[in-house]
Amino acid sequence: MGQVVRFGSGIGLLLGVGLSGGVQAGGLSEPTGSVKGRAPVASAVVVSNQTLPGVQPRAGNVLQVSYNFSDPDGDTQNGTTIQWMRGGSAISGATNSTYVVQSVDAAVAVSAQVTPRTSATDTDPDSGTPRVSAALTVAAAGAPVGVDRFQWLGDARTWPQANAYCGSLGARLPIASELQQLFNTRTSGVKPNSQMCSLYSWPLGSGGCGGATNNYWTSDSAGSSGSNYYRYEVNMMTGNRGGGVVTSQALLVACIK
């Protein structure tokens, strides 16, 4: 960015033609401020549920904000800031591109504000207008997951087979908390009980309805060891999450839409 030079007299103006530096004519010329550019822009600011894409977020889910950055002068992005909002108010310390939904967010709208920035030492202005995403309303605490959202399969399958089967239905494997909530809200909650069989005909190994086991696959990763990969399972006689099962083992399948 250059400088605009203002001269103090008519004589100075004549003398200053073609000069690029300061001019002395009865005194030094008076420089004004830097030539200003244009502010950077953030657009298409969107918050999405990374844990369960397209599904209403719940406590524990990870939200992510995405946006497009542009600058009319071609300046490079530098130091763009993010602020997560709860009900329109800033959430203290929530300034990363991702945000883990908290229990206090239940039934509240969560959004993200993006302020585009460029280098303050190289550009002026270096900050653009803050843009706020459309909000995602977090599910209410204890909101039941309806049985009608599930489709169960009678035979046991490995995790890759189960995952592919749910995908073929336009559905997905549930996360552990969804199966646990289903057990807690749609049965008496007494542990153990076979009401997922007696009330809803879900197969259970020791509870009837023709199941090979009581355990159902979830989409939650339980890590890996060597060449083995593990996913968590939920016992639908107790509602308890297990410690993780190798994905080559066969468990029961319930898909959620």
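This dialogue explains how to read several features of a predicted model.

Biologist: Is Ser 111 buried or exposed, and in which strand does Ser 111 lie?

Modeller: Burial is judged from relative accessibility, and a residue under 20% counts as buried. Ser 111 has 7% relative accessibility, and therefore counts as buried. Ser 111 belongs to strand β8, which covers residues 109–115.

Biologist: With which residues is Ser 111 in contact, leaving aside its neighbours within four places in sequence?

Modeller: With those neighbours set aside, the contacts of Ser 111 are Val 47, Gln 83, Trp 84, Met 85, Val 132, Ser 133, Ala 134 and Ala 135.

Biologist: Which residues of helix α3 are buried, and against what do they pack?

Modeller: In α3, residues 176–186, the buried residues are Ala 176, Glu 178, Leu 179, Gln 181, Leu 182 and Phe 183. These buried residues pack against the strands β11 (150–157), β12 (215–225), β13 (228–235), β14 (240–241) and β16 (251–256), and also against α4 (195–198).

Biologist: In what order do the three strands of the open sheet stand, and which strands stand at the edges?

Modeller: The order is β3-β4-β7, with antiparallel pairing. The edges are β3 (41–49) and β7 (98–100); each has a single partner strand, so one side of each is left without a neighbour in the sheet. On average, and with direction ignored, neighbouring strands of this sheet are turned by 20 degrees against each other.

Biologist: How many bridges join β4 to β7, and which residue stands opposite Val 62?

Modeller: Strand β4, residues 62–70, is joined to β7 by three bridges, and the two run antiparallel. Opposite Val 62 stands Val 100 in β7.

Biologist: What is the phi of Ala 107, and is Ala 107 buried or exposed?

Modeller: The phi of Ala 107 is near 65 degrees, a positive value in a residue other than glycine. Ala 107 is found in the loop between β7 and β8, and counts as exposed because its relative accessibility is 52%. Ser 201 also has a positive phi, near 65 degrees. Ser 201 is found in the loop between α4 and β12, and at 39% relative accessibility counts as partly exposed.

Note on methods
Residues numbered from 1 in each chain as written. Predicted model: local features only at pLDDT ≥ 70, side-chain atom pairs only at ≥ 80, totals over all residues. Heavy atoms only, no water. Buried < 20%, exposed > 50% of the residue type's maximum accessible area, 1.4 Å probe, protein only. Helix = DSSP H or I, 4+ residues; strand = E, 2+ residues; numbered from the N terminus. Contact = heavy atoms within 4.5 Å. Pairing = 2+ DSSP bridges. Axes fitted to C-alpha atoms, helices over the stretch in contact; angles between N-to-C directions.
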